[in-house]
Amino acid sequence: MTLGYGRSYLAIPGPSVMPDRVLNAMHRPAPNIYGGALHDLVDAMLPRLRYLAGTAGHVAIYIANGHGAWEAANANVFSRGDLALSLVTGQFGLGWADSARRMGVEVQEIDFGRRGPVDPARVSEALAADRSHRIKAVLLSHVDTATSVRNDVAAVRAAIDAAGHPALLMVDCIASLACDRFLMDAWGADVMVSASQKGLMTPPGLGFVWFSDRARERGATADLRSPYWDWTPRAAPEAFYQLFCGTAPTHHLLGLAEALNMIEEEGLEAVWTRHDLLAQAIWAAVDHWGIEGAMSLNIPDPACRARSVTSIRMQSPNATALRDWTEQRAGVTLGIGLGMAPPGDPAWHGFFRIGHMGHVNAHMVMGVLGVIEAGLVALGIPHGPGAIAAATRIIAKA
Ligand SMILES: *Cc1c(COP(=O)(O)O)cnc(C)c1O
């Protein structure tokens with residue numbers, strides 16, 4: 001017997017749920033790419049994207065996923081043999097470092113573990129030790145989607161400045177943009193990368209790089225730059241086709257424009273608050289399930305938790321059984337653990353994640369929590385009482 005028929009919920013941290021409005025906006029014949037409505041839509045989109053990131057700087061759009069956006073940022077900032085400093089708080093910090101390294105950049109890593117944020121003091125120390133200022137840029141995940149940690153971007157900027165170091169600050173907001181508060185200019189980020197399929201509620205396929213004048217100047221001589229990835233004509237095109245270095249991603253743009261309409265109608269501040277409250281409901285439930293020690297939130301300090309994704313540790317390695325149950329029996333797909341297995345045990349099943357980014361509301365979160373609790377009961381996984389009631393109180397208070 002399964003109760004999984006009906007509308008399913010892909011509660012993984014990207015791709016996220018796509019709103020019907022976004023899907024419907026894409027459901028039309030190909031538009032003319034040589035003029036008319038598509039050009040107007042893109043002209044209007046660039047300032048909307050700058051607003052979303054909190055910047056008066058530049059933005060380049062790529063036909064790419066997040067990995068492509070990493071590579072775009074690397075290509076425009078670094079030359080072969082340059083040194084970067086990567087601040088690792090999970091799998092995605094390792095991923096960006098790996099991308100840069102494979103392009104010919106030397107990468108120094110500081111690993112802050114998997115249960116907490118970057119310690120700015122250690123960043124200052126590492127930069128102060130770099131007396132010849134070889135480090136060209138610091139790579140930081142705002143939210144690392146594997147651990148669900150949220151890093152303090154402004155504090156890392158302050159740490160760079162405290163060391164009197166000229167390094168650029170490059171930030172990955174793929175899992176946090178339009179979910180968690182982010183203010184590129186106010187927080188002093190020089191480069192920011194994101195993608196369409198998480199908080200932006202649009203199918204995977206668009207990658208974005210925002211950059212400051214300072215980053216543009218520093219990167220002007222970057223020899224990793226190639227024609228397709230060059231951000232210069234994309235951010236200041238003389239002709240429309242230069243925006244995408246070829247055919248525009250027509251339907252993704254139509255979908256994204258509608259997603260931006262939805263974000264603007266709700267208000268960016270309200271979007272952040274909604275994610276914050278829904279995240280709190282999830283944390284409250286997990287805390288109650290964990291009373292008997294069966295599970296715990298991966299990030300103990302609430303101030304350092306993402307508002308878009310929650311990573312959960314299971315005491316016994318039964319997270320896969322739980323995910324299978326919720327998907328097959330109740331139509332809710334939970335996220336797998338990424339890079340969290342203990343060394344030597346790649347088949348470890350002690351970790352899962354809940355994605356709550358983008359088009360998510362109270363009834364969806366309550367549904368996910370109710371289904372997880374049903375799975376815990378059905379599988380005989382020990383858990384504390386009162387989880388759903390605790391989440392309910394947070395929703396009610398909001
Ligand atoms: C999803 C994600 C990526 C990778 O994006 P892809 O589109 O899968 O290439 C990179 N960084 C973070 C923080 C992410 O959440």
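Start with Glu109. It is partly exposed, at a relative accessible area of 34%. Here buried means under 20% relative accessible area, exposed means over 50%, and partly exposed is in between, with a 1.4 Å probe and protein chains only. Glu109 forms a salt bridge with Arg101, with 3.0 Å between the closest N and O atoms. A salt bridge, for us, is a side-chain nitrogen of Lys or Arg within 4 Å of a carboxyl oxygen of Asp or Glu. Arg101 is partly exposed too, at 36%.

A word on provenance. This is a predicted model: local features need pLDDT of at least 70, side-chain atom pairs count only at pLDDT 80 or more, and totals for chains, interfaces and linings use all residues. Residues are numbered from 1 along each chain as its sequence is written, and side-chain values use heavy atoms, with hydrogens and water left out.

Back to charges. How many salt bridges does the structure hold? The count is 18. Arg114 and Asp111 make one of them, at 2.9 Å from N to O. Asp111 is partly exposed, with 37% relative accessibility. Arg274 and Glu266 also pair up, at 2.7 Å, N to O. Arg274 has 22% relative accessibility, so it counts as partly exposed. Glu266, at 34%, is partly exposed as well. Then there is a network: salt bridges link Arg157, Asp161, Asp190 and Arg214.

Next, the ligand. Which residues surround it? Asn65, Gly66, His67, Trp70, Phe92, Val143, Thr145, Asp172, Ile174, Ala175, Gln197 and Lys198. The criterion is one heavy atom within 4 Å. By class, that shell has five nonpolar, five polar and two charged residues. For the classes, Ala, Val, Leu, Ile, Met, Phe, Trp, Tyr, Cys and Pro are nonpolar, Asp, Glu, Lys and Arg are charged, and the others, Gly among them, are polar. Helix 3, residues 66-77, gives the largest share of the shell, three residues. Helices (H or I, at least four residues) and strands (E, at least two) are DSSP runs, numbered from the N terminus.

Now the polar contacts. That term means a pair of N or O atoms within 3.5 Å; within protein, one must be able to donate a hydrogen and the other to accept it, and residues adjacent in sequence count only if both atoms are side-chain atoms. A polar backbone atom of Gly66 sits 2.7 Å from a ligand oxygen. For Thr145, a polar side-chain atom is 2.3 Å from an oxygen of the ligand. Lys198 has a side-chain N or O atom 2.6 Å from a ligand oxygen. On its own, the ligand has 380 Å² of accessible area, and the protein covers 89% of it. Those areas are Shrake-Rupley values with a 1.4 Å probe.

Two more residues. Asn151 is in the loop between strand 7 (149-150) and helix 6 (153-162). Is Asn151 buried or exposed? Buried, at 4% relative accessibility. The Asn151 side chain reaches the backbone nitrogen of Val118 at 2.7 Å. Ala319 lies in helix 12, residues 319-330. Ala319 is buried, at 0% relative accessibility. Ala319 and Leu376 are 57 residues apart in sequence, and 9.9 Å apart from C-alpha to C-alpha.

Last, the record. UniProt, in an unreviewed entry, places "domain: Aminotransferase class V" at residues 95-334. Over residues 95-334, the chain is 39% helix and 19% strand, with the end C-alpha atoms 22 Å apart.

Conventions:
UniProt positions are given in the numbering used here, feature names are shortened, and annotations may be inferred rather than shown by experiment.
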